Amino acid sequence: MIQLIFFLSIGGLLFASLFFLARRKPRPEGSSGALIEARQALMALQAGLLPAQLVKRIFAPEDWEFVRAEAPTAVRELFIDERKRVALLWVSQVRTQIHNLRRFHRGAARSYARLNPRSEMELAFSFAGLILACRMLQLVIYVGGPYAAPRLIGSMVDAASRACKISEQSLAFLNAAQLGVLNGRPTGSAAV
Amino acid sequence: MYTATTTRRMDVDQAVDDLRHRTLSEIPRSLDRLIYLASMRDYNTGLYYHDGLASRFTQEVACQALADCHRDAFNQLVSCSLRELVAQMEEYISATHTSPRNFVTAWKKLEPYRVAVPVETDPVVAHFLFSSFKIALAVLEARLHSAQAEPVA
């Protein structure tokens with residue numbers, strides 16, 4: 001009886017995994033669509049989310065000092081709630097874009113033999129570290145508010161900017177490879 | 001192709017200079033500029049219209065120049081501190097000759113700043129500015145309350 005329950009459970013688990021795998025949307029790895037998606041993620045990070053000016057404004061201590069000095073308790077609470085919400089949105093967007101880039105590099109590593117294994121390994125570690133840092137930051141901000149971890153924010157932004165630069169170099173190579181394919185020239189870089 | 005693009009960019013740069021010297025120099029605050037430039041945009045098409053600028057250049061060039069200036073004004077406002085934003089709002093209220101109380105009530109209800117954002121603005125940046133407006137309005141409202149309470153006390 002116990003064996004029957006055991007095998008039925010394994011069968012159920014296998015069926016559930018097959019069901020979820022079948023429902024998953026296929027992602028065009030290594031295609032021009034994936035390249036565009038990765039470029040958009042890179043642009044969103046470099047131009048939208050990581051510029052020092054924006055990060056400085058979201059986590060500006062002078063804004064909190066102004067509100068603390070000039071406004072009653074209700075406004076102070078509103079300020080902390082609002083900044084916390086913006087900070088959490090910012091971290092979640094950074095994490096989403098890093099996820100998108102990581103997914104692209106994972107697919108690209110499978111499709112292109114000419115990619116530099118060292119830089120891809122470096123990127124893989126950077127992305128894993130950044131996603132972990134984003135998770136930690138989300139937790140810290142959620143519990144301690146927007147001003148709880150200024151150093152972690154600074155180091156996360158620096159690490160993300162470095163990862164973006166490495167990714168940009170890889171994307172430049174892939175872009176040239178894609179253009180070669182589009183022009184009908186053999187690139188000689190596609191892996192079997 | 002390259003020459004046409006370069007010429008068009010030069011025209012847009014000239015139109016931007018023209019707009020800055022003739023019109024925007026009269027509007028010193030970035031909040032006022034943002035609202036003015038957003039009002040030049042047709043909400044149905046997202047295109048900007050300015051008859052004077054279009055007559056000196058072309059409609060397409062005028063539209064691009066207005067969009068560029070709108071983006072600049074938005075970025076300037078985003079980089080303002082909360083103290084500066086509150087100050088700009090106070091000056092804007094006095095320039096419009098509206099009762100501060102009515103202004104705060106209307107802006108809190110209608111949130112007109114939501115339609116003043118340029119196209120293709122990053123959602124996080126837009127959300128940050130909306131949030132700053134909300135806090136600035138709360139600060140202004142608190143100031144109005146304390147100003148009203150002072151004579152009684």
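**View 1. Where helix α2(B) meets helix α4(B).** In this close-up, S30(B), L31(B), R33(B), L34(B), L37(B) and A38(B) from α2(B) are in contact with L66(B), C69(B), H70(B), A73(B), F74(B), Q76(B) and L77(B) from α4(B); contact here means C-beta atoms, placed from the backbone, within 7 Å. These contact residues split into 9 nonpolar, 3 polar and 1 charged. Nonpolar covers Ala, Val, Leu, Ile, Met, Phe, Trp, Tyr, Cys and Pro, charged covers Asp, Glu, Lys and Arg, and the others, Gly among them, are polar. This is a predicted model, where local features need pLDDT of at least 70 and side-chain atom pairs count only at pLDDT 80 or more, while totals for chains, interfaces and linings use all residues. Residues are numbered from 1 along each chain as its sequence is written, and chains are lettered from A and ligands numbered from 1 in the order in which they are written.

**View 2. A look at V124(B).** V124(B) sits in helix α7 (residues 123-152) of chain B; helices are DSSP runs of H or I, at least four residues, numbered from the N terminus. V124(B) counts as buried because 20 other C-beta atoms lie within 10 Å, and the cut-off for buried is 20 or more. Leaving out residues up to four places away in sequence, V124(B) touches G48(A), L49(A), L89(A), W90(A) and Q93(A).

**View 3. Chain B against chain A.** Here 16 residues of chain B are in contact with 24 residues of chain A. On the chain B side, α5 (82-96) and α7 each supply at least two residues, with the largest share, 10 residues, coming from α7(B).

Definitions and conventions. Two residues are in contact if their C-beta atoms, placed from the backbone, lie within 7 Å. A residue is buried if 20 or more other C-beta atoms lie within 10 Å of its own, exposed if 12 or fewer, and partly exposed in between; C-beta atoms are placed from the backbone.
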